[in-house]
Amino acid sequence: MNAVHEVPAALDRLSVLEWTSDCVFTVDHAWRLTFMNRSARDLLAGGEDLSGQALWKAFPSFEDSPFGAACRRAMVEGGATEAEDFYAPLGAWYSATAHRLPDGIAVFFCAVRTSRTGDDSAVAGEMRFRTMFETLTQGIILRRRDGCVVDANSAAARISGATRDQLIGAMVRDGVLNSVDEMGRPLRLADMPCEIALQTGKVVRGRVIGLTHAHSNERRWVLIDAVPQTRPGESEPFQVCSLLSDITEQKKAEIAVAASRAHLALAQRVASLGSAELDFRTGVWQWSDETFRLLGLDKETVQPSIGAMLSVVHEDDRPTCVAALEHARNGVKPLPAEYRIVRSDGSMRTIYREADLVRDEANVLIGLIVTNRDVTELRLAERQKDELQAQLLHVQRIDALGVLAGGIAHDLNNTLVPILGLTDLLRKGLSAEKAELLDVIQHAGEKARDLVRQILAFSRGDTPDRAPVDVGAFLQGIRQLVRASVPSTIAIEWHLAKVPVILADTSQLHQVVVNLVANAAQAIGTRLGTIEIALSADDVVLKPGDAPESCVRLSVSDTGSGMDDATQKRIFEPFFTTKPIGEGTGLGLSVVHGIVTGHGGRIDVDSKIGKGTRFDIFLPALSDAEASALGKGPST
Amino acid sequence: MTQRILVIDDNAEVRLTVKHLLAAQGFEMRTATNGAEGILAAQTFKPDLVITDIIMPEMEGMETIQRIKAAHPGVRIIAMSGGGRLGREDLLEMARHLGADFALVKPFNPGELSATVARSFAA
């Protein structure tokens, strides 16, 4: 675009120069104007010839501009120097070429874009652009393909801390803009947004880099858009325009916010306390990271909402969660509550929720703030404590009952001595009729004695007299007796498999079978029914946490009335009975329980109302070696 | 010669029952309501057999047995107990330990009493 400024030797130089459309002027060594052509006079001096005046005085705006610099270089270094700049007095871009002459320099000055067209609107556009360029708060740096900065506005100078002179003409790689990436690492040339835009021909947007401010040495954070500029018909951009926004204050605030957010997240994590906020005006929920974690939801894929939350809340707890939200919407602060979360792996967590309403300055309800605390472990510990306490109370109660029962039994035994002892003595000489009355007294005494024995067995946990027992043979031995003790309306089925020998007290074993069969018969009552007595070998866990061991299983099941859960839980308690007062002692099953556990065994009950009940007794089997070491064969 | 039996029990029913049952069998009977009384009675009555309760208020049955045994080395002793928290095995063990020859668990029927008395005289 620059005009050719050769001076034809054969022509009078002044006459040619006088009529060229470029402005031409010459300056002597003392920087005095020695010649101005017509264009120079018209364009630069309003038609006046300023020859004889000092250049810098005639054109003050030259002094600090690239044109002035080009003139000085030509004067000092010789040759031809060039400069292109916006010439504010004319509001357009100009290029200047300065040549050294024997007596000074000659300067050729022409409009870069408007010289040929002479289009006033383009000049006006250029002016507008220039004004905008200078008044923008966003920094703008224009860089040529070779890396040289050709222009920068004052905002760019302010942001970078360098002067415009320092910026313009500087090469990017000179390190005028000591830049780092967002992480604070030195930025390589190839990674600079302007370089990327030049190389790819594509706009690079929103890149954040750090600059070291030339004055304060402070780190400034800058948001950069780099826009490559390509001339029509060319494929590669010839320059790139970088737009710089100073985001240092935002960045500092962001860092502070991020730090406080991280701090809050950590605190929430430590406390297992998540927070959530609902803005009633927008309906938008915000959940803390910990809330996502507590709910077992992925913050990357799940949008906070009441629906997302309810999807993980236990079915039974959903209505209370929904109700709490409804209350809040109606201005009622929800009461603290607990709800359960079912995570995708099936695990269940208990969450304690507290909430409060949020109001603006005018006391208008605008939102809800909620805290969620994971109290699963806490509740578990509390439950275990409660259970332990209940067990302890149970043991204490049984122990107290034992002491009481022992005391009563002792006194009753004394009381029974004359009844059982003296009735026989009275028999002599009595009529058959009266002797029968004595029989009644004696039977009543014997029943009372048996009852006291049972109480004592429970109260002291009788030390059993144990020997190896073949339970199958033992049951065969008492078969007739059992049959005789049960009404004929009840069938008894026996299923006795061959089982290992156990170590047991046969009289106690007898009591167990008799009590269970009596219980079964009472459950059937006067209806028709069946009692099944089964014996089998089984591997069973006897104590929680132990490995299964070889056991003998003795089952007594009936087709009786069955029991509800509450009854099943209490049947082994002494004096617990479902029978009317006077019909049952409530001791039978507690004695069975005492005997079975005294033998190191376990007793299970399975019952359904209307279907019947089955008791399973598991007693540890003796290994062959143990049986022979006891030196006895199995006894019956 | 009629054999003499001393019954020591704080419980009147037991005392009288044992007295009547054994008197009916021809034994000469004497009763005492506690250990101290029993020891005094033993000095004058010189029993061949003492049947004593081992849980009594005044003097524990154990002490009674030990003192009678010390004063009358040849005497046979049957210890009685109504059980309470003591099991049959425990009672026998304790009775043996104290120098009693046999144990009788309350309540007992006349047959058990006679058999135990007979065994103690046969021993």
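Student: Is K46(B) buried, partly exposed or exposed?
Tutor: This is a predicted model. In it, K46(B) has a relative accessibility of 47%, so K46(B) counts as partly exposed.

Student: What is its phi?
Tutor: The phi of K46(B) is positive, about 50 degrees, and K46(B) is not a glycine. Most residues other than glycine have a negative phi.

Student: Where does K46(B) lie?
Tutor: In chain B, K46(B) is in the loop between α2 (35–45) and β3 (49–53).

Student: And W31(A), what about its phi?
Tutor: W31(A) is not a glycine either, and its phi is positive at about 65 degrees. W31(A) sits in the chain A loop between β1 (23–28) and β2 (33–36).

Student: Buried or exposed, that W31(A)?
Tutor: Buried, because its relative accessibility is 18% and the cut-off for buried is under 20%.

Student: Switching to peptide bonds. Which residues does the cis one join?
Tutor: K106(B) and P107(B), with omega at about -10 degrees. P107(B) falls in the loop between β5 (102–105) and α5 (110–122) of chain B.

Student: Now cysteines. How many disulfides over all chains?
Tutor: Zero, from a search of the whole structure.

Student: Is C110(A) buried or exposed?
Tutor: C110(A) is buried, at 6% relative accessibility. C321(A) is buried too, with a relative accessible area of 5%.

Conventions
Residues numbered from 1 in each chain as written. Chains lettered and ligands numbered in written order. Predicted model: local features only at pLDDT ≥ 70, side-chain atom pairs only at ≥ 80, totals over all residues. Heavy atoms only, no water. Helix = DSSP H or I, 4+ residues; strand = E, 2+ residues; numbered from the N terminus. Buried < 20%, exposed > 50% of the residue type's maximum accessible area, 1.4 Å probe, protein only. Disulfide = S-S within 2.5 Å.
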